[in-house]
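Please consider the sequence and the three-dimensional model shown below.

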Amino acid sequence: RIEKAKNSENPLEEFYKILKELREFKVLDPACGSGNFLFVAYREMKTLEKELIVLIKEHSKTDKEKERVKQFLANNHYVSVNQFYGIDLKYFAVEVAKMTLMVAKELWVTEYGEENDFEKALPLDNLNENIQARDALINEHDKPAKWPKTNAIIGNPPFQSKNKMQEEFGAEYVSKVRESYPDIPGRADFCVYWFRKAHDHLKENERAGLVGTNTIRQNYS
């Protein structure tokens, strides 16, 4: 899209449009662990943002255009850690994931932000609503859990074969999960539930990238 925008009739407006969309783009890792996938996603989105800012500055020729970009940046219109969401069953992992995003922001600002523009590492963002310690599959009422509305879902959901699920999670929990997701065959690997839920959760043109076991390609999964 950026390459196409360069050859458009009004590249500057196209760059602003893409940048606005980028800063509204939300990412979820529903098995986030310590937040590694979120860290990488943040860095990639910030890299795209940086490229767009450079292009906007290059195409801002008049004093009015230069003032516009200056004000745009001064108003703190940046890709934010608040665009990233995570779910994990372990409370400790969730706290680490919050810190991981804070470190990602600090590293980025140290490298590119405060010296050139107006982005600051402080104050720290409150990510309590973004990164949550809870079951990603079922809620406290034994119904399918809700995921936040996002544009992309990434992650590495937990692997466990159908033969060992009851041993690890208990028969009662496995039964509740299977009842909540009747379309998933009982022989499917545990990670399949994340694939199915991601598929049902996303809208047209939204994307998911999940790591799975090789059983994901077999018929009963």
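The structure is a predicted model, in which local features need pLDDT of at least 70 and side-chain atom pairs count only at pLDDT 80 or more, while totals for chains, interfaces and linings use all residues. Residues are numbered from 1 along each chain as its sequence is written, and side-chain values use heavy atoms, with hydrogens and water left out.

The protein has eight helices and five strands; these are DSSP runs numbered from the N terminus, helices being H or I with at least four residues and strands E with at least two. Their order from the N terminus is α-α-β-α-α-β-α-β-β-α-α-α-β. The C-alpha trace spans about 70 × 35 × 30 Å along its principal axes. Of the 221 residues, 41% are buried, a term that denotes under 20% relative accessible area (1.4 Å probe, protein chains only), with over 50% called exposed and values in between partly exposed. Among contacts (heavy atoms within 4.5 Å) with a separation of 6 or more, 76% join residues 24 or more positions apart.

The largest nonpolar core contains 33 residues, of which F15, Y42, L52, I56, F84, L101 and I131 touch the most other members. Such a core is a set of buried Ala, Val, Leu, Ile, Met, Phe, Trp, Tyr and Cys residues joined through side-chain atoms within 4.5 Å. Two or more residues come from each of α1 (2–6), α2 (11–22), α3 (36–59), α4 (63–74) and α5, and α3 contributes the most, with eight. Beyond four places in sequence, F15 touches I2, A5, K6, L52, L55, I56 and H59. A second, separate core of 22 residues includes Y85, I153, I184 and A188.

There are four aromatic pairs, defined by ring centres of Phe, Tyr and Trp (its six-membered ring) within 6.5 Å; planes under 30 degrees apart are stacked, over 60 edge-to-face and the rest tilted. Y42 and F84 are edge-to-face because their planes stand at 70 degrees, with the ring centres 5.8 Å apart. This pair links helix α3 with strand β2 (residues 84–88), 42 residues apart in the chain. Y42 is buried at 0% relative accessibility, and F84 is likewise buried at 0%. Y181 and Y193 are also edge-to-face, at 5.8 Å and 75 degrees. Ring pairs join Y181, F190, Y193 and W194 into a cluster.

Is the lysine K105 buried or exposed? K105 lies in helix α5 (residues 91–116) and counts as buried because its relative accessibility is 11%.
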